Amino acid sequence: MRHDHIISAKQLSRADIEAVLDHAADIAADPAAYADRHADTLLGMLFFEPSTRTKMSFTTAMKRLGGDIVDMGSVESSSVKKGESLADTVRVVEGYADALVLRHPMEGSAKMASEFVDVPLVNAGDGAGQHPTQTLLDLYTIRENAGFDDLTIGIMGDLKYGRTVHSLAHALTNVDAHQHFISPESLQLPRSVRYDLHQEGAEVREHTALEEILPELDVLYVTRIQRERFPDESEYRAVAGQYQIDTETLEAAKDDLTVMHPLPRVDEIAHDVDDTDYATYFEQAHNGVPVRMALLDLLLEAHQ
């Protein structure tokens, strides 16, 4: 890894991706071998939005590498509540930690914050922008279950506001993947993302119905309709609940289809799918630990 910060999936080459995924596979095979890799290292956690999987898996990853975390805590209990700027916050916490993880509701916030610090900064989600570490664990899960050769993947749900979708779509241009995007017309990929994908040589295939493409898919990546991103509640209500799958839906799928979801889910995947061989989303969430261990290890080693 030759990057000082991890801000966007766009900055990751095929070589970068393979380096992280291969290292994650080594860690998953023998986690005890990495238990003291970063003793006395502190990871600064700055989460301006709620998080369960991302925050806990980064915490677990750092502790399993032998280090620890310092946590800003909730916005309400921090100096942000007093009006402190993001630039000042990251400059302060940089003095307490060896690397930073930032989640913030404003798109572009991680890029801006990285310009004020010298320690590695990892974007853990910036509004509707990017979520590169989610993308890395998604790619790890895809590689383990379906491979990267002649892959046909359907990405379904909120493609307009879904930062996991934007990151994953960019990263998949590095592998042999045919991408299909399934959503209501009002939640299709933003024009800027579509343009970038075209520039990277990807063919953007858009659908409003899953049924027309499901039998061809090796992977179905489902996302929830993100109520908190909608500027208008009526816009959310117009599309809520439109895209749902259950075991009956999947009768038309390949026997070895891999169903993924970045979680949390609401009602877009029925619970009867959980007990099928299709369901990979809990494995996907667990993969966040070895993948984030690998990324932190590589970043911290390069920064020394």
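**Figure 1. Welcome to a predicted model. The protein is divided into two parts, domain 1 and domain 2.** Domain 1 takes in residues 9–130 + 288–303, while domain 2 covers 133–284. How far apart are the centres of domain 1 and domain 2? Taken over C-alpha atoms, the centres are separated by 25 Å.

**Figure 2. A look at where domain 1 and domain 2 are in contact.** On the domain 1 side, 29 residues take part, and they touch 23 residues of domain 2. Between them the two domains bury about 2,200 Å², with 57% of that area on carbon and sulfur atoms. Which three residues supply more of the area that domain 1 buries against domain 2 than any other three? They are R14, L21 and R53, and together they supply 23% of it.

**Figure 3. Polar contacts and the elements behind the domain 1 side of the interface.** Across the interface of domain 1 and domain 2 there are 10 residue pairs in polar contact. Four elements each supply at least two residues of the side of domain 1 that touches domain 2: helix α1 (14–29), helix α2 (53–64), strand β4 (121–126) and helix α10 (288–303). The largest share, 9 residues, comes from α1. Sorted by class, this side of domain 1 has 13 nonpolar, 7 polar and 9 charged residues.

**Figure 4. Close-up of R143 and its salt bridges with E18 and D22.** Side chains of opposite charge can pair when their charged atoms come close. In the pair formed by R143 and E18, the closest N and O atoms are 2.8 Å apart. R143 also meets the side chain of D22 in a salt bridge, at 2.9 Å from N to O. Which helices hold D22 and R143? D22 lies in helix α1 and R143 in helix α5 (residues 132–145), so to speak two distant parts of the chain, 121 residues apart. The count between domain 1 and domain 2 is 4 salt bridges, and the count for the protein comes to 13.

Key:
Residues numbered from 1 in each chain as written. Predicted model: local features only at pLDDT ≥ 70, side-chain atom pairs only at ≥ 80, totals over all residues. Heavy atoms only, no water. Domains from an automatic or database assignment. Contact = heavy atoms within 4.5 Å. Buried area = accessible area lost by both parts, 1.4 Å probe. Polar contact = N/O pair within 3.5 Å; in protein donor to acceptor, adjacent residues only side chain to side chain. Nonpolar A, V, L, I, M, F, W, Y, C, P; charged D, E, K, R; others polar.
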